[in-house]
Amino acid sequence: MESASHVTKVARIWLGDDGIVRVIHNVDAVVTLEDAQEVMSTVMKLRSGVSRPLLVDSSSIKVLARDARQYLAGEDAAKVATAAAIIVGTPVSRVLGSFYLGLSHPKTPSKLFTSEKDALEWLKDFLV
Amino acid sequence: MSPGSDEHGDEEARYAELLSVIFSFAAGDLSARGNLSGDDTSLDGITAGINILGEELEAYIAKIDRSENVLRGAARYSRSLIEGGLDPMLVVDMDGRITDVNEAATRMTGLPRDQLIGSHFPEPSARAQLATAVAETLANGAVRNLAMVIKDAAGTQTEVLCNTSLLHDGHGHVSGVLAVARDIAELRRAERAEEIARHDGLTDLYNHRAFYSLLDDEISRSNRSGRPISLLMLDIDHFKVVNDTHGHPAGDVVLRLLSRILVTESRAIDRVCRYGGEEFVVIMPETNASAATKLGERLRAAVERTPFDIGNAYVSVTISIGVATYPRHVDSLDGLVVAADSALYSAKRGGRNRVNGYARRSDIIAEPSS
């Protein structure tokens, strides 16, 4: 059964009945370090002590600050997520996603997708 | 103007803005950023990429600045250590050329810093010694206590001990040699003063004080090794007659000549000391009573057969010798001296010009030799 949806300044977050946590960024979201920390804090509460795969919809994100990128790629995120499938869409989100994977080297297995279906399929391998 | 040309004009303006951001980067302003229009075009994507590039470059430059600060701090620290040292220090490159010196080095050489840096060392003798030290350091990693003589610009020589070590660059490769010299004039003066304090001014033999120190060392060594020590105590027979007949200066000549004979006839390991007046002692390490008595006899015979040239005449001199051995006869330093003195006394009483072994009760260890 899906959990209730939690809303932060930049995203809506819930745990799906498939065991995958969804993080859906707002259109034109400008994500700062504090925003990223709030998102991860919410994910931590939702996961019930179990590391879970994340579906992160960043297809219409506008800005992902450098320190936010580093935070999301770091140890804190790795503790709560087994993997992250990042959905990109707009040219800006594709660039942000590519730089995130290419420069920040996330500790959690991460991959860019343009299709939610493909992303969920890939995440199934990371369900524990 | 048509809508199409407006769109074209917007795009031109955004390209111009992006170029402006790129030019700012090139000019060193990494804080410049492009604006995202939010129109989901490729140009927005490129703008986002360039903005990230700016952020990453800023972070990279900040990291380099921090590293440079650390390096500057390390350089200042090294400089303080070098300049704060009282000992002259030289840094030499792989070709033996001086690349750095401290204030103490300029003082010792009497040469200004700019004359030393870049040179192989202006003074030829020191240059050769420095080249040797550098070559040895590059071969073996370090040189310890290499004795060198540095001549300053005024020709004054300073004796130094030089220590060296390898210097490495940031990649760990050997880049040169650090040489630290210590002026040992004070040390040498102290050593000379110590030598003077340990030697008798007339004969240059070890004096009474040094005798006890040397004997103490030998007793300790004997205790460790289990090997015996013998002590000869000897006295010039009728020395008062020499002084009364020929004067005290002649007596001094006799003492000096006798000292020379004792040193010449003794073994290299023996220590000949002037005990006082016309009394002498010879410490014989690792020597038993029998061997010591034979060596004593050699000394006695050498003195007996030598005419002593006192300038205007030759005089004949004989000596009496007492022999005692540790630990066979006694078990202490003082006991050994007393025993040798006792044996000497017996030699005198027995008729002089003889070697007499220490006798403990009925334990006669040697017969008088003559």
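This is a predicted model: local features need pLDDT of at least 70, side-chain atom pairs count only at pLDDT 80 or more; totals for chains, interfaces and linings use all residues.

I started with the contact between the chains: eleven residues come from chain A and 13 residues from chain B, where contact means C-beta atoms, placed from the backbone, within 7 Å. Helix H4 (residues 91-104) of chain A gives the largest share of chain A's side, seven residues. Residues are numbered from 1 along each chain as its sequence is written, and chains are lettered from A and ligands numbered from 1 in the order in which they are written.

Next I looked up helix H7 (residues 208-225) of chain B, which has 18 residues. Helices are DSSP runs of H or I with at least four residues, strands runs of E with at least two, numbered from the N terminus.

Which residues of H7(B) are buried? I found Phe211(B), Leu215(B) and Glu218(B). They sit on the same side of H7(B), because they cover an arc of only 65° around the axis, taken from the directions from the helix axis to the C-beta atoms. Buried means 20 or more other C-beta atoms within 10 Å of a residue's own, exposed 12 or fewer. The face turned away from the buried side carries exposed residues, including Ser213(B) and Asp216(B).

Among the elements covering the buried residues of H7(B) are strand E6 (229-236) and helix H11 (333-349) of chain B.

Conventions:
Two residues are in contact if their C-beta atoms, placed from the backbone, lie within 7 Å. The expected span of a helix is 1.5 Å times one less than its number of residues.
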